[in-house]
Amino acid sequence: MSTTTTGCLDVRGLDVTLRSGEGRDLHLVRDVTFSVGSGERFGLIGESGCGKTTTLMSLMGLLGADATVGGEVRIDGTEILGSGERDVRRRRWSEIAVVFQGAMNSLNPVVTIGRQIAEAARRGAGSGSGVRERVHRVLELVGLRAEVARRYPHELSGGMRQRVAIAMAVVCEPRVLLADEPTTALDVIVQAQVLTALENACAETGAALVLVSHDMGVIGEVCDRAAVMYGGEIVETGRIETLLHEPAHPYTRLLVDASPRLSDPGRELASIPGAPPRPGVDHAGCGFAPRCPDRFEPCGSHGPALLPVATALQQARCHLHHPPAEEAP
Amino acid sequence: MAPLRVIGRRLAGAGVLIWLAVTFDFFLFRLAPGNPVDQMSRIPQGSRQLQDQLTREFGLDQPMVVQYVRYLEQLSQGNLGVSFVNRQPVTDNLIDAIVNTLPLVGLGLLIAIVLGIGLGILAGAYRGRPIDHGAVTLATFMYSLPPQWIGMVLLFLFAGTLPTGGMVDQFLIDPTPTQYLADLGRHLLLPALTLGLVMFGQYTLIMRSSMVETLSDDYVLTARAKGFRPRYVLRRHALRNALLPTVTLIGLSIGAMVGGAILIEVVFSWPGVGRTIYDSIVARDYPMMQGAFLVFTVSVVLFNLLADAAYSLLDPRVRRAGAAR
């Protein structure tokens, strides 16, 4: 399942530039490439402002007119970028659906849960027939009773609302399901329920899942593969076990060290010194170099490329593994 | 039944509020300079005896507290007293005034709502575009103009084309119902337009800002992500939520309009509640003032209650919260 084979969702060289007020362009996402197969669960990890959410929003075509999106995005081999607003709208929810960050607020407060899911259900194929049954089925899929359909969002707990958002996202059985920090602001027990709901929903519909989180633990629990993002770029990608146990990029290693682990409760948590780069600010050399404990000569001047480490399954954007030998004096 | 209890408590609160307003008005009018007898006896032959006789007749020779208790006794029997000026029961005078005011407020409000909310929705939906700047500028400008000035400008522009004052043409003899309504409509147009122009600005500003706020809410993004057309998202998801603050404002302003179109009714000689308030103050006609201000108070309180009721129909959060408490 390397990035060279065609998956269900194929993202190649995704580039997002935001035109800012002063005429300066902010390069928010650079050359992001990944591929997710049908039924596969792919994670995007990174600190706030690293471009995870922007990446998802560009896949949905929901960035404003100020944003320029370049590269290729294919669903089942069909290019969806630049296919026109009408076409993008048609694909939303029926082919690619999303569970938003803080989905507690992503439900309309004055409309019942059932009507909101039913409205989403009509976006898919075979609309009209058995909408009620489909609403009840997806609610059941995420572990909620059918009677929840008659309730209003404010009558549900945060975790229930989040599960409703997941149910709503899979009601049309999309090919690709995006989830943006679906468990942020939930306590650990509820978090586990929501993740289970997400896994069940994907397993049932065979959707390719892209899960965005800053939490290594959440990604580790759900995903098969993941990509680590830093400053708008993917700095490492590979199977989740590899990332957790043999990280190639210093940033990945620091992220793993910064997450608590059940197997080693006494371990002191590391923090990463410094702050992430301001979104969209261009830099010479590696974006992580100023905070990197392992930086050496070329890091400040040459930007590393994303290249295979050990096997083709793992790739890292770091000079430690691919020193720019030919350019060294 | 919990909702019934809520309604009961709201009504009781409204009753107390009205009593407080009535009491305040009663003493305020009597403490204000000038009195009805001076106003009426300021005729050349006004003798001392006439003044004393009028004072006794109006019950103004009694201590103020006795007058107040008598007034409350009357009020509790639904009797608003007799006008000092035209010696008709205040209730009859007021009913005439209310009947005359309703079409004015109704049409004025309709103009204000259509213009105000429509413009507010457009401005909010096209935030930052020329139509938004235009709408906000126009709304702020109109809202800041004095009502009587707008009325006079309209009079200046349309005098000759449309009647300039009164409610009906005095020289229309034995009109058919259709003729009567057409005549009423012609008289109604200018004052109602003035009222609409005075009121719509605040609706536009409130509607626009709540529209802008709603459109940036997460559930609107969800609706867009579901692949619905912008217009559908606006209509089905943003509009109902954005309407909530405006409903409260409209409720508040209708109440104020019923009694408060004073300046407009004076400019256009419209024989409504506002005009009655104005005339009764000039004459220091205490019973009429008390009655007219009571209408004013009751309409503010009543439309406030109605706005709350409408709000709870639109917003399930208020509905359940009210029932639970």
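Let's start with burial in chain B. Of its 325 residues, 35% are buried. Buried here means 20 or more other C-beta atoms within 10 Å of the residue's own; 12 or fewer is exposed, in between is partly exposed, and C-beta atoms are placed from the backbone. Keep in mind that this is a predicted model: local features need pLDDT of at least 70, side-chain atom pairs count only at pLDDT 80 or more, and totals for chains, interfaces and linings use all residues. Residues are numbered from 1 along each chain as its sequence is written, and chains are lettered from A and ligands numbered from 1 in the order in which they are written.

Chain B overall, then. It has 14 helices and zero strands. Helices are DSSP runs of H or I with at least four residues, strands are runs of E with at least two, and both are numbered from the N terminus. The C-alpha trace of chain B spans about 85 × 55 × 40 Å along its principal axes. Now take contacts in chain B between residues at least 6 apart in sequence. Of these, 73% join residues at least 24 apart. A contact means two C-beta atoms, placed from the backbone, within 7 Å.

One residue to look at is Met207(B). Find it in helix 8 of chain B, residues 177-215. Is Met207(B) buried or exposed? Buried, because 29 other C-beta atoms lie within 10 Å. Set aside neighbours within four places in sequence. Met207(B) then contacts Gly116(B), Ile117(B), Gly120(B), Ile121(B), Gly124(B), Ala242(B) and Thr246(B). Gln39(B) is another matter: 168 residues from Met207(B) in sequence, and 47 Å away in space, C-alpha to C-alpha.

Next, a helix pair in chain B. Helix 5, residues 90-125, packs on helix 6, residues 130-144, in chain B. The angle is about 140° and the axes are 8 Å apart. Axes are lines fitted to C-alpha atoms, for helices over the stretch in contact, and angles run from 0 to 180 degrees between N-to-C directions. Helix 5 and helix 6 of chain B are therefore oblique to each other. The scale is this: under 35 degrees is roughly parallel, over 145 roughly antiparallel, 65 to 115 roughly perpendicular, and the rest oblique. The crossing of these two chain B helices is left-handed. That means the near helix is turned anticlockwise from the far one by less than a right angle; clockwise would be right-handed.

Who makes the contact? From helix 5 of chain B, Leu119(B), Leu122(B) and Ala123(B); from helix 6 of chain B, Ile131(B), Asp132(B), Ala135(B), Val136(B) and Ala139(B). By class, that contact has seven nonpolar, no polar and one charged residues. Nonpolar covers Ala, Val, Leu, Ile, Met, Phe, Trp, Tyr, Cys and Pro; charged covers Asp, Glu, Lys and Arg; the others, Gly among them, are polar.

Over to chain A for another pair. Helix 3, residues 113-121, and helix 4, residues 131-141, of chain A pack at about 110°, axes 9 Å apart. That makes helix 3 of chain A roughly perpendicular to helix 4 of chain A. Their crossing is right-handed. Gly114(A), Ile117(A), Ala118(A) and Ala121(A) in helix 3 of chain A meet Val131(A), Arg134(A), Val135(A) and Val138(A) in helix 4 of chain A. Six of the residues in this contact are nonpolar, one is polar and one is charged.

Chain A also has a sheet. It is open, with eight strands in the order 6-7-8-3-9-10-12-11 and mixed pairing. Two strands pair if DSSP finds at least two bridges between them. Strand 6 (96-99) and strand 11 (307-309) of chain A are at the edges with a single partner strand each, so one side of each has no neighbour in the sheet. Strand 6 of chain A pairs with strand 7 of chain A, residues 176-180, in the parallel sense over four bridges. Val98(A) has Leu178(A), in strand 7 of chain A, as its bridge partner.

Last, where the chains meet. How many residues of chain B are in contact with chain A? There are 17, against 20 residues of chain A. The largest share of the chain B side, six residues, comes from helix 9 of chain B. Five residues of that side are nonpolar, four polar and eight charged. Helix 9 of chain B, residues 218-225, is mostly covered, with six of its eight residues buried. After helix 9 of chain B comes Gly227(B), with a positive phi near 90°.
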